[in-house]
Amino acid sequence: MAQGRPLIGMLRWQGRPGANALALTHAAAMLGADLLWFTPADVDLDRQRILGWRWRPDGTGWQRQDSRFPDVIDNDGRVRDGGPVWKALTARAPATTRRLADKDEIARRMTAGGFYPELQLPTEPALDPAAVLRFGADQGEVVLKPLLGSGGRGLVHLAPAAQGWRIMEGEQEEMLSEQQLVTHLSQRLASRPHVMQRYILSRSPSGLPFDIRLHVRRNGEGDWVVVKIYARIGAGRGIASNIGQGGSIAAPETFLALRHGAEAPAIMARLKDLARRLPADFQALFPRREIDALGFDLGLDPEGRFWLFEVNAFPGAKYFEIEDAVPRAAYALHVLAKARSRRAAKA
């Protein structure tokens with residue numbers, strides 16, 4: 001590790017360094033910085049040292065290395081609850097990623113702030129089975145989402161049917177009477193809180209669930225840039241389009257041409273315009289927290305209308321790691337420069 005070079009610490013709750021870490025290592029090197037990947041368990045608070053992972057200089061793989069504390073931390077959301085380790089690290093180094101809020105709080109802020117009401121789906125907290133049934137009577141088909149869920153896991157699709165309700169989770173589908181549904185919901189809602197949204201039919205020409213992800217993040221000047229716009233296509237008959245559950249991605253121009261024909265260029269132009277405008281307007285809902293990256297998931301109904309399914313404050317970059325890593329590394333160094341400037345002004 002070169003002396004005098006900034007050290008970016010890529011701090012994750014668990015696991016081992018993978019494609020994202022390797023991409024960020026190369027992006028950091030291009031900017032004259034080094035990268036250390038580690039977890040809270042790798043931190044020795046007594047010695048004030050970290051036994052982390054560094055990419056070998058000869059490019060042959062990752063190796064363990066005893067290191068000083070980093071100058072800036074590229075973190076995920078979970079490590080912010082890291083107790084003494086997190087406190088010790090952030091006493092010396094700024095972190096890039098701020099925790100925002102759960103799905104219910106984000107929905108409330110968007111409603112209160114008048115955030116693109118034309119994109120908003122009717123969304124309410126699923127307080128109890130009676131609330132879900134009332135919502136279903138008003139909206140028709142319903143999607144239940146865990147309040148703190150991610151990756152499309154735990155989504156449940158409810159649809160009224162002649163003999164009761166059709167319920168689908170993943171590839172599993174069953175018919176329930178209203179009383180059976182109440183029992184099922186009582187158990188589910190008791191295990192963890194959920195929100196509920198109106199279901200929107202957003203499917204590919206072959207019937208697979210999809211959404212359009214607008215992946216944006218801040219760059220080395222602290223400005224928002226569009227990293228990638230892409231279609232996320234789910235696998236099977238479920239409603240989740242997350243690629244972590246076996247889905248795939250596609251170029252939006254090609255995908256939209258297949259689904260909307262001659263209207264595709266106009267739809268694509270609207271997507272690009274939203275990708276430019278949404279980040280700053282969403283940031284305004286959280287004036288005390290600078291957001292580093294966002295993933296806006298947009299459904300597209302058969303009439304070509306966009307609906308905002310979800311806003312992800314820690315969007316993944318599977319299949320385009322390098323494209324994401326370049327502004328990511330630059331932003332980490334931007335955060336470091338701002339922190340050093342503030343310290344110098346106080347000296």
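Me: How many bridges join β13 and β16, and in which sense do they pair?

Reply: Strands of a sheet pair through backbone hydrogen bonds, either parallel or antiparallel. In this predicted model, β13 and β16 pair in the antiparallel sense over 6 bridges. Within that pairing, Ile212 stands opposite Leu298 in β16.

Me: In what order do the strands of the open sheet stand?

Reply: The sheet has 5 strands, ordered β15-β14-β13-β16-β17, with antiparallel pairing. On average, neighbouring strands are turned by 35 degrees against each other, direction ignored.

Me: Which helices touch these strands?

Reply: α6 packs on the sheet and touches β13, β14, β15 and β16. The direction of α6 makes about 45 degrees with that of β14. α7 lies across β13, β14, β16 and β17, and runs at about 125 degrees to β14.

Me: How do I read the sides of a helix such as α6? Which of its residues are buried?

Reply: An α-helix has 3.6 residues a turn, so residues three or four places apart point the same way. In α6, residues 252-260, the buried ones are Pro252, Phe255, Leu256, Arg259 and His260. These cover an arc of only 100 degrees around the axis, which puts them on the same side of α6. The face turned away from that buried side carries the exposed residues Thr254 and Leu258.

Me: What covers the buried residues of α6?

Reply: The cover includes β13, β14, β15, α7 and β16. Just after α6, Gly261 takes a positive phi of about 60 degrees.

Me: Which residues touch the most other members of the largest nonpolar core?

Reply: That core has 33 residues, and Phe115, Leu214, Phe282 and Phe296 touch the most other members. The elements giving two or more residues to it are α3, β13, β14, α6, α7, β16 and β17. α7 gives the most, with 8 residues. Another core, of 20 residues, lies apart from this one; Met10, Ala33, Trp62 and Leu336 are among its members.

Me: Where do aromatic rings come in, and how many pairs are there?

Reply: A search of the whole structure finds 7 aromatic pairs. The rings of Phe115 and Tyr116 have centres 4.9 Å apart and planes at 70 degrees, so this pair is edge-to-face. Both Phe115 and Tyr116 are buried. Together with Phe282, Phe286 and Phe296, they form one aromatic cluster.

Definitions and conventions: Residues numbered from 1 in each chain as written. Predicted model: local features only at pLDDT ≥ 70, side-chain atom pairs only at ≥ 80, totals over all residues. Heavy atoms only, no water. Buried < 20%, exposed > 50% of the residue type's maximum accessible area, 1.4 Å probe, protein only. Helix = DSSP H or I, 4+ residues; strand = E, 2+ residues; numbered from the N terminus. Arc of directions from axis to C-beta. Contact = heavy atoms within 4.5 Å. Core = buried A, V, L, I, M, F, W, Y, C linked by side-chain atoms within 4.5 Å. Phe/Tyr/Trp six-rings, centres within 6.5 Å; stacked < 30°, edge-to-face > 60°. Pairing = 2+ DSSP bridges. Axes fitted to C-alpha atoms, helices over the stretch in contact; angles between N-to-C directions.
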